[in-house]
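User: I'm new to this one and I'd like to learn how to read its sheet and helices. Could you walk me through it?

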Amino acid sequence: MTISDPGHHRSRTRGPSLDSADPFAIHMAPPEGETPAARAERLAAQQYAEKMSRQIDEQILQSKRLHDKKDKDVKILLLGQSESGKSTVLKNFRLRFTPQYFDSERNAWRTVVLLNLISSVRSIITAIENEFAAPEFNLVHDSHRTLCAELAPLLEEEVTVNTLISATPNVPPGQGQDVFVRPGGEWKSVLANSDEAKHAVEVVFGLRDEIDSLWADTAVRELLEKKDVSLKDGGGYFMDDIARVTAEDYVPTDSDILRARIKTMGVEEHFFEKEVGAPGARGVKDFWIYDVPGAKGSRAVWIPFFDMVQAIVFLTPLSFYEVLEEDSRVNRLEDSVHLWKEICANPLLQNCQIILFFNKMDILKAKLKAGLIIKEYVPSFADRPNTYAGATGYFKEKFRAYHKRSSPKPRAFFYYETTAVDTRSTAKIIGAVHEEIFRKHLHESILI
Ligand SMILES: Nc1nc2c(ncn2[C@@H]2O[C@H](COP(=O)(O)OP(=O)(O)OP(=O)(O)O)[C@@H](O)[C@H]2O)c(=O)[nH]1
Ligand SMILES: [Mg+2]
């Protein structure tokens with residue numbers, strides 16, 4: 001007898017009642033001499049197993065449907081160097097298309113605003129300590145030492161909360177680092193629900209007078225100016241709002257949330273599901289946005305998204321007067337141009353729509369007003385008008401030319417000048433960009 005001889009096997013062991021080709025029949029048959037109670041128990045177990053199996057099948061089907069839907073949904077990738085404003089643009093999308101969700105996160109942002117405030121206080125304390133350590137110091141006095149000691153608990157709270165939300169809990173404190181976040185965005189619920197975060201908020205509230213005294217001190221201001229410590233440029237600047245943001249009943253405004261700085265450390269996937277009644281969401285289909293880290297060492301995580309997204313919003317501030325925070329040998333604008341060329345030339349992205357945002361235009365305007373001379377940083381700018389229009393016009397043509405030259409096949413050039421912290425002007429642009437992306441997607445779906 002061989003195993004491949006079912007007939008032989010069948011007839012020899014069980015007789016004609018199980019004369020079936022089903023190899024499971026033998027296992028499904030009731031045991032011989034089964035009592036009525038055992039039979040009832042067996043049938044109940046069988047029914048339960050069948051019900052569970054149907055539920056599992058349904059779950060698999062549902063997740064497949066979701067997966068297929070996600071496959072069909074429009075996906076947008078935000079790209080650009082660190083601090084270019086990717087996460088801020090994401091917040092603008094949230095504000096316009098899912099305002100209830102945006103609102104539900106307000107409490108978590110209060111902690112971020114206060115962490116940003118502590119970060120500014122830390123920079124000031126470091127400047128004071130450096131001054132004390134200098135061989136000759138005349139701007140700081142014993143009263144500053146006392147004030148720094150009184151403010152020290154803030155720095156401890158900063159470490160505690162950063163550790164709580166950080167993907168890299170062992171980052172040493174006090175080195176001018178931003179707040180980090182874990183990939184996935186769950187940091188917001190961690191912040192909203194943790195006792196440590198609540199305690200940190202109370203400590204900041206308790207030291208509001210000391211923070212105020214530090215900021216009101218003319219010698220401190222003079223020291224910051226002399227040492228070229230600029231608290232405004234890094235984002236997350238709340239020193240002019242101390243009384244407001246340290247009030248017990250403080251609730252961050254939309255503008256505060258947009259200005260709050262939190263450095264993205266991993267890929268964050270954000271689902272935009274149409275919210276009933278949201279003014280910006282009328283007629284809108286579900287879509288996804290991927291927010292990624294922009295620092296030089298983290299850009300490898302962008303690549304897996306290249307063959308799944310339909311559109312890229314590429315951000316660049318025109319910061320030709322600055323270097324990268326993570327690599328002081330690299331000029332910010334040069335880095336952006338290099339990235340732009342690479343993104344335009346990438347064959348995986350040849351069918352992808354690429355939309356360019358010249359962001360932080362408020363800062364460029366302010367710098368020009370304060371006397372910034374463009375050709376000192378960009379000699380090829382030469383004697384063109386040293387104005388906002390002169391600068392944006394010149395750089396726009398440069399980026400357009402690289403786009404045309406680098407793209408594997410012709411595609412439209414989309415370009416906007418943005419100030420992502422200004423919700424009103426950005427809302428219009430976000431609306432136009434969204435419409436454009438969906439229009440192209442619809443057009444292509446029809447062609448397919
Ligand atoms: N003044 C001004 N500040 C801006 C603008 N856009 C963004 N910011 C601020 O710049 C800081 C950095 O912005 P983010 O959106 O966190 O930058 P990012 O590109 O996500 O940076 P990474 O996560 O490090 O890659 C934040 O504090 C923002 O509030 C703008 O148009 N004008
Ligand atoms: Mg970010």
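Analyst: Start with the idea of pairing: two strands pair if DSSP finds at least two bridges between them. Helices (H or I, at least four residues) and strands (E, at least two) are DSSP runs, numbered from the N terminus. This is a predicted model, where local features need pLDDT of at least 70, side-chain atom pairs count only at pLDDT 80 or more, and totals for chains, interfaces and linings use all residues. Residues are numbered from 1 along each chain as its sequence is written, and chains are lettered from A and ligands numbered from 1 in the order in which they are written.

User: How many bridges join E6 to E7?

Analyst: Strand E6 (residues 311–317) and strand E7 (residues 353–359) run parallel, joined by seven bridges. Val313, for instance, has Ile355 in E7 as its bridge partner.

User: What is the strand order in the open sheet?

Analyst: Its six strands go E4-E5-E1-E6-E7-E8, with mixed pairing. E4 (268–272) and E8 (414–417) are at the edges with a single partner strand each, so one side of each has no neighbour in the sheet.

User: At what angle do helices H7 and H10 cross?

Analyst: Axes are lines fitted to C-alpha atoms, for helices over the stretch in contact, and angles run from 0 to 180 degrees between N-to-C directions. Here H7 (residues 142–165) and H10 (residues 208–216) cross at roughly 140°, their axes coming within 10 Å. That makes the pair oblique, the label left over once angles under 35 degrees count as roughly parallel, over 145 as roughly antiparallel and 65 to 115 as roughly perpendicular.
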